[in-house]
Amino acid sequence: MKRVLGCTAALLMAASTAHADVPESDEPIKFMIGDWTSIALQGEIMQIILQTYGYNTESVVADDSGRYPGFEAGDLHIAMETWETTQKQNLAKSLETGKVLDMGETGLKGLEDWWYPSYMKEQCPGLPNWEALRECGELFSTADTAPKGRYVGGPVTWGGLDEERIEALGLPFEVIHPGTDAAMFAELKAAYEREAPIILWVWEPHWAPSLYDGEFIEFPAYEDACYEDPSWGVNPDKIADCGKPRGWIKKMAWAGGEEVWPCAYEMVRNYGMDNATLSALLAEVDLEGRDMTEVATEWLTENRSTWEPWTSCAQ
Amino acid sequence: MADTTGASPSVGLGTGLVLGLAALFVVVPALLGPDWLRVPPDWLVWPVSDIVGDSLTWFAREAQIAGMAVQDMTRGMAAVVNAPIEGAVIALSEGLFSGRGLNRTQSVPPLSWMAIVGAAAIVAYRLGGRSLCLTATIGLGFLVVFGLWAQAMVTLASVLVSIVLTCALGLAIGIWSFRSARVEAVVRGIMNVMQTLPIFAYLIPTLLLFGYGPAAALIATVAYALPPMVHNTVLALKGVPDELVECGHVSGCTDRQLLWLVQLPASLAGIAVGLNQAIMMTLNMVIIASMIGAGGLGFEVLTALRKLDIGVGLEAGMGIVALAVILDRISQAWARRAAEGRRRHPGQRSLWLLVLGWLVVATMIAHVVEPAQTWPKDWAISTASFWNGLVSWMNRELYDALEAFRAFVLLNIMRPFRDALAMMPWSVGVGFVAIIAYGIGGARVALYCAALLMFIVVTGFWAPAMNSIYLMTIAVFLALLFGFPLGFWLASRPSLRNPANLMLDTLQTLPTLVYLLPAVMLFRIGDVSAIIAIFLYAIAPAIRYGMIGISQVPPARLEAAAITGCTRWQTLLFIRLPAAVPTLLLGINQTIMMAFSMLVIAALVGTKDLGQQVLIALNRSIVGQGIVAGLCVAALALVADALLKAAAKRAEVAP
């Protein structure tokens with residue numbers, strides 16, 4: 001692995017004649033790595049780019065929602081992913097302290113909603129239209145939820161208004177909250193192996209929808225008004241009569257770093273990615289079991305025209 | 001707790017009547033009286049969480065002591081702690097590098113696997129003979145062959161530093177409280193709370209104070225593993241025979257000489273028990289520590305399980321077990337030798353020379369032969385696909401039967417019990433526990449228990465606390481039901497003792513998540529999976545104390561039984577069991593404590609109890625809620641502890 005890296009390093013170095021003032025500081029730039037693959041992979045890509053221009057970088061493992069004190073104190077410097085769908089309020093609160101910077105969108109779109117494996121379509125023909133769920137509740141039921149269907153939602157902290165959605169749309173379902181996403185996918189894996197009924201909260205980019213064949217339910221499309229104004233949508237008296245918001249995935253950074261590594265921050269701001277590319281890279285890592293550094297280096301060598309413009313401040 | 005009340009057989013008729021009347025005085029008003037006796041009203045619930053959270057944040061961010069910001073002081077401490085970890089990581093896992101970024105090249109490699117395995121084997125052979133040497137070699141060899149070496153050494157580095165720190169601190173605090181009764185009272189109180197406070201509860205404050213990274217993980221680990229070390233040190237020092245101390249005085253020892261030359265050596269066996277627990281708990285923390293920046297095997301387990309690669313998670317988990325077993329067995333052997341007074345054995349010096357010599361030779365070999373430095377990736381073997389296949393097979397073949405079982409248990413036993421607890425008015429809960437406590441232990445215990453439960457009421461966590469009790473009661477009941485008989489059986493089979501100890505150590509150090517996810521696959525998200533996880537973790541002390549208790553009967557009594565012609569069952573029921581009661585009570589106590597410490601982990605599969613409250617607080621970084629919900633868990637554990645201690649006292653007084 002190190003040898004692959006070394007070779008590529010030489011390649012990358014040859015391609016770019018580093019600017020005299022870069023790097024501005026020898027201090028390591030600390031990247032937050034969460035417990036999911038995409039943030040680690042994007043962090044790896046960004047770190048290799050920065051290293052190529054002489055920056056010193058480090059990966060630090062931190063919890064998705066627990067990261068903010070670290071960023072405010074300057075223990076963490078860059079995070080490549082902050083999801084609107086789950087972290088919007090936390091980020092906004094942290095930005096108010098003035099110690100944290102919004103580094104712009106990655107271009108990725110977070111997509112999450114109710115999801116079912118394709119084999120369920122035969123038993124509930126109306127899918128993926130949400131109205132079919134009104135008839136199919138019993139199909140998804142278990143002894144403890146019967147006659148209602150069992151919908152595996154996210155951990156309670158994720159919010160997502162699923163109880164409200166069920167009530168507003170009159171769906172015969174009960175929400176089961178796991179304590180962690182790993183438990184959700186354990187249930188999915190178990191059901192998928194037996195081709196048993198299951199419907200749960202899934203998101204993209206993630207390895208599950210690329211490994212398992214399935215679809216998202218088509219709810220009425222989300223608008224801000226749907227969550228705020230009861231009169232909006234099919235149910236005139238209730239909010240949440242629509243699907244979940246699909247949102248940006250932003251980069252964030254410690255504000256103090258702007259003074260220390262201005263050009264590095266510029267590169268992070270310029271970084272961009274799209275769902276299809278990232279999903280393909282994620283499949284390499286999660287499903288093929290390939291080394292993350294190897295996958296990142298490979299993509300960087302093959303797509304120099306994509307990322308070189310991000311680094312203009314160093315040239 | 002319901003299952004602890006049976007231990008008061010000697011309550012007289014008169015006392016029984018008084019207690020019954022008292023119970024009536026609690027129940028009737030709760031059923032007929034005002035609403036606030038049933039559901040805690042607003043005026044009884046104070047914003048404790050907010051106050052605690054705000055003051056902690058202030059302390060960590062703004063407070064100053066003698067003109068120096070607390071934050072700077074704690075960060076300085078973190079840097080000091082970090083230095084030895086970094087040193088150990090360089091020596092064991094990463095080596096030294098020159099250059100930066102992509103030009104980074106290794107200038108000095110770390111110690112090779114061959115060097116470390118060999119050194120461990122030499123030390124193990126010297127301390128514990130051939131069998132220990134074999135254990136160490138097999139354990140470390142497993143890490144090499146399964147390709148877990150690099151991560152294992154990162155874990156070993158931080159674990160070694162934290163064990164040394166725990167030992168030093170534990171000894172110091174233990175000695176200090178041994179010398180002063182007032183200190184001891186305070187320390188014991190603090191240690192009791194620390195032992196029962198879920199680690200997740202103080203994770204965020206630790207991060208606030210010490211920042212992300214190995215240092216914070218290490219400090220949280222030390223805080224978690226410290227209590228047994230302190231308890232056992234105090235206990236062991238108190239156990240030193242008076243004659244020995246007097247002998248020291250007579251021969252003119254100063255206080256310091258008395259401590260170092262008489263008391264500590266004489267109490268080494270007891271201190272070794274604390275060391276064993278400290279090691280087990282430190283390795284138990286590896287997963288949680290890796291969530292806040294410790295890396296190593298724990299992170300390997302986490303990432304594998306996120307992808308539901310149960311086999312890889314299991315292998316990495318077994319790596320943690322291997323480290324735990326090796327560290328434990330070697331340190332035990334050392335303590336045994338030291339206790340036997342063989343510390344100044346003439347072989348000692350040559351041992352260190354031998355190890356040093358081997359390290360030099362092995363490093364030279366590794367310099368020439370690449371596979372001796374780093375085990376090649378292609379040579380690594382893995383059984384992961386087998387385990388993944390096994391779980392899938394169980395899922396396909398056994399699911400229907402398990403689902404029927406789950407539905408039956410859930411609908412007919414668990415749900416009714418949960419609902420009954422949830423419906424119980426808080427005044428009845430507090431009142432009943434107080435009455436029971438009074439019956440077993442008198443007014444002081446009753447007051448203590450009632451005060452602890454009122455803390456839960458006042459902080460507004462009564463409802464989730466009831467849910468915790470429901471999970472705990474079922475899990476602890478099952479653990480005792482299966483654990484004690486298994487322990488009794490194992491005690492009668494001396495040849496099984498070593499495998500049994502290995503199994504128990506595995507249960508205690510194998511990361512719970514490794515079996516939590518298969519449990520979810522077979523029993524779905526919910527309380528059944530949670531109880532299975534708590535049960536598997538809490539059964540270890542039940543088995544262990546069952547084993548110890550039943551084999552502690554004085555041989556004279558057994559002989560008497562044999563002479564009077566008792567059958568095996570009669571001997572068990574009338575001789576062995578009564579003699580084992582005090583130990584078994586301690587076993588129940590430890591089982592309950594273990595079960596409480598699993599509550600938050602069990603919440604990962606989705607419960608609605610105090611553990612979930614702690615988890616929510618952690619996810620949303622609400623400092624106050626996490627600590628206070630954690631303190632409520634501690635309060636429940638302390639109530640159980642107080643009741644059991646009182647019961648044990650009665651059992652000793654009236655056997």
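Domain bounds here come from an automatic or database domain assignment. Keep that in mind while we walk through this predicted model, starting with chain A.

## Two domains in chain A

Chain A splits into domain 1 (2-99 + 255-314) and domain 2 (110-228). Their C-alpha centres are 33 Å apart. Where the two domains touch, 13 residues of domain 1 of chain A are in contact with 8 residues of domain 2 of chain A. On the domain 1 side, the elements giving two or more residues are α2 (37-52), α4 (84-96) and α13 (275-286) of chain A. The largest share of that side comes from α13(A), with 6 residues. Sorted by class, the domain 1 side has 5 nonpolar, 6 polar and 2 charged residues.

## Around M120(A)

Let's zoom in on one residue of chain A. M120(A) sits in helix α5 (residues 120-123) of chain A. Is M120(A) buried or exposed? M120(A) has 22 other C-beta atoms within 10 Å, so it is buried. Leaving aside residues up to four places away in sequence, M120(A) touches L127(A) and P197(A). T293(A) is 173 residues from M120(A) along the chain, and the C-alpha atoms of the two are separated by 38 Å.

You'll find P128(A) in the loop between α5 and α6 (132-136) of chain A.

P205(A) belongs to the loop between β7 (199-204) and α9 (207-211) of chain A.

Then come two residues with a positive phi. E195(A) has a phi of about 50°, although it is not a glycine. This residue is in the loop between α8 and β7 of chain A. With 11 other C-beta atoms within 10 Å, E195(A) is exposed. A240(A) is not a glycine either, yet its phi is positive at about 65°. Its place is the loop between α10 (224-228) and β9 (247-254) of chain A. A240(A) counts as buried, with 24 C-beta neighbours inside 10 Å.

## Where chains A and B meet

How many residues of chain B are in contact with chain A? The count is 44 residues of chain B, in contact with 44 residues of chain A. Several helices take part on the chain B side: α7 (203-210), α12 (286-291), α13 (297-306), α17 (384-423), α22 (512-523) and α27 (610-619) of chain B each give two or more residues. The largest share of this side, 7 residues, comes from α17(B). The side of chain B that touches chain A is made up of 24 nonpolar, 14 polar and 6 charged residues.

That helix, α17(B), also meets a helix of the other chain. The axes of helix α8 (residues 181-194) of chain A and α17(B) come within 9 Å. The crossing of α8(A) and α17(B) is right-handed. A190(A), E193(A) and R194(A) of α8(A) make the contact with S392(B), N395(B), R396(B) and Y399(B) of α17(B). By class, this contact has 2 nonpolar, 2 polar and 3 charged residues.

| Helix pair | Angle | Axes |
|---|---|---|
| α23(B) and α25(B) | about 160° | 8 Å apart |
| α11(B) and α21(B) | roughly 45° | within 8 Å |
| α8(A) and α17(B) | roughly 65° | within 9 Å |

Start with helix α23 (residues 527-550) and helix α25 (residues 568-597) of chain B, which pack at about 160°. Angles over 145 degrees count as roughly antiparallel, and α23(B) and α25(B) are therefore roughly antiparallel to each other. Their crossing is right-handed. Residues in the contact include I534(B), Y537(B) and A538(B) of α23(B), and R576(B), A580(B) and T583(B) of α25(B). By class, the contact has 13 nonpolar, 6 polar and 1 charged residues.

The other pair is helix α11 (residues 268-284) and helix α21 (residues 497-509) of chain B, which cross at roughly 45°. That makes α11(B) oblique to α21(B). M280(B), L283(B) and N284(B) of α11(B) meet D505(B), Q508(B) and T509(B) of α21(B). The contact of α11(B) with α21(B) divides into 2 nonpolar, 3 polar and 1 charged residues.

How values were computed. Residues numbered from 1 in each chain as written. Chains lettered and ligands numbered in written order. Predicted model: local features only at pLDDT ≥ 70, side-chain atom pairs only at ≥ 80, totals over all residues. Axes fitted to C-alpha atoms, helices over the stretch in contact; angles between N-to-C directions. Helix = DSSP H or I, 4+ residues; strand = E, 2+ residues; numbered from the N terminus. Parallel < 35°, antiparallel > 145°, perpendicular 65-115°, else oblique. Left-handed = near helix turned anticlockwise from the far one by under 90°. Contact = placed C-beta atoms within 7 Å. Nonpolar A, V, L, I, M, F, W, Y, C, P; charged D, E, K, R; others polar. Buried ≥ 20, exposed ≤ 12 C-beta atoms within 10 Å, placed from the backbone.
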